[in-house]
Amino acid sequence: DTRSFACMKRSRGADTSMSDDSLVLVTADNKSGFKNVTYDLQSRRYELRVQVGGKRKHLGAFKTAREAAVVYARTAEGKADAAAQQRPTGADAAAIAVRAAEREGLLLIPADRKDSTTGYKNVTHNVEQSGVRKYKLQMQKKGKRLSCGLFGTAEEAALAYARTPEGRADAERLRRPAPVPRTAAAIEAVQQAEREGLTLVLSANATGRGLRRRHFWP
């Protein structure tokens, strides 16, 4: 909103005090240490410039980088960046996703393919993807492969799939009791699994006739 920047454009009148305890400064890997804040050698002040509606807007010049960062933190864009900056990442984000699935009674669907790099159905890891969100969720709908978002961890992507109607249907199939074995070899396989403390889990691709594939999961 360009109107929100109008009242901040003059640096002299801007209130740069940290009176708001909830204010979070958005940091960056640059010389100033803050996003959208650069030092101008000619004016010897810190310039604040923000991209709005495809245009680069100048929001003022400040004595310190922190003052400029405070002004940016009070904009809608700054608040959005601050929220993203505070989101958990890595192992913490993965653990949160797993706990969320447990609270919601959802199941993170394991991958059917042995060559899966993530261990979860419809979730792939793209190491060449820019940014921190390198896990892609893709689903097959009406014969087309659709991208359903990028995530920071495989668990977050798996949770997003578990919340879909397709994910819930897969979970229901996985939770069905395994069919009663009808051959001597099948009975022996079940008994062997019991001796080893393993559980035979239905594949997400199971049909009403039984297992399409059989996996041993500890």
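Arg113 and Asp115 form a salt bridge, with their closest N and O atoms 2.7 Å apart. A salt bridge here is a side-chain nitrogen of Lys or Arg within 4 Å of a carboxyl oxygen of Asp or Glu. Searching the whole structure turns up seven salt bridges. This is a predicted model, in which local features need pLDDT of at least 70 and side-chain atom pairs count only at pLDDT 80 or more, while totals for chains, interfaces and linings use all residues. Residues are numbered from 1 along each chain as its sequence is written, and side-chain values use heavy atoms, with hydrogens and water left out.

**Salt bridges**

- Side chains of opposite charge can pair when their charged atoms come close.
- Arg113 counts as exposed because its relative accessibility is 58%. Buried means under 20% relative accessible area, exposed means over 50%, and partly exposed lies in between (1.4 Å probe, protein chains only).
- Lys121 and Asp170 join their side chains in a salt bridge of 2.8 Å, N to O. This pair links distant parts of the chain, 49 residues apart. Lys121 sits in the loop between α4 (90-103) and β4 (123-125), and Asp170 in helix α6 (residues 165-175). Helices (H or I, at least four residues) and strands (E, at least two) are DSSP runs, numbered from the N terminus.
- Lys121 has 17% relative accessibility, so it counts as buried. Asp170 has 1%, so it is buried too.
- A network of salt bridges links Lys121, Asp170 and Arg173.
- Glu188 and Arg195 form a salt bridge, their closest N and O atoms 3.0 Å apart. Arg195 is exposed because its relative accessibility is 54%. Glu188 is partly exposed because its value is 39%.

**Helix α4**

- The 14 residues of α4 should span 20 Å at 1.5 Å a residue. The end C-alpha atoms of α4 are 20 Å apart, so the two values agree. The expected span is 1.5 Å times one less than the number of residues.
- Ala93, Ala94, Ala97, Ala100 and Ala101 are the buried residues of α4. They cover an arc of only 120 degrees around the axis, so they lie on the same side of α4. The arc is that of the directions from the helix axis to the C-beta atoms.
- Ala91, Asp92, Glu102 and Arg103 are exposed residues on the face of α4 turned away from its buried side.
- Helix α5 (154-162) is among what covers the buried residues of α4. Contact means heavy atoms within 4.5 Å.
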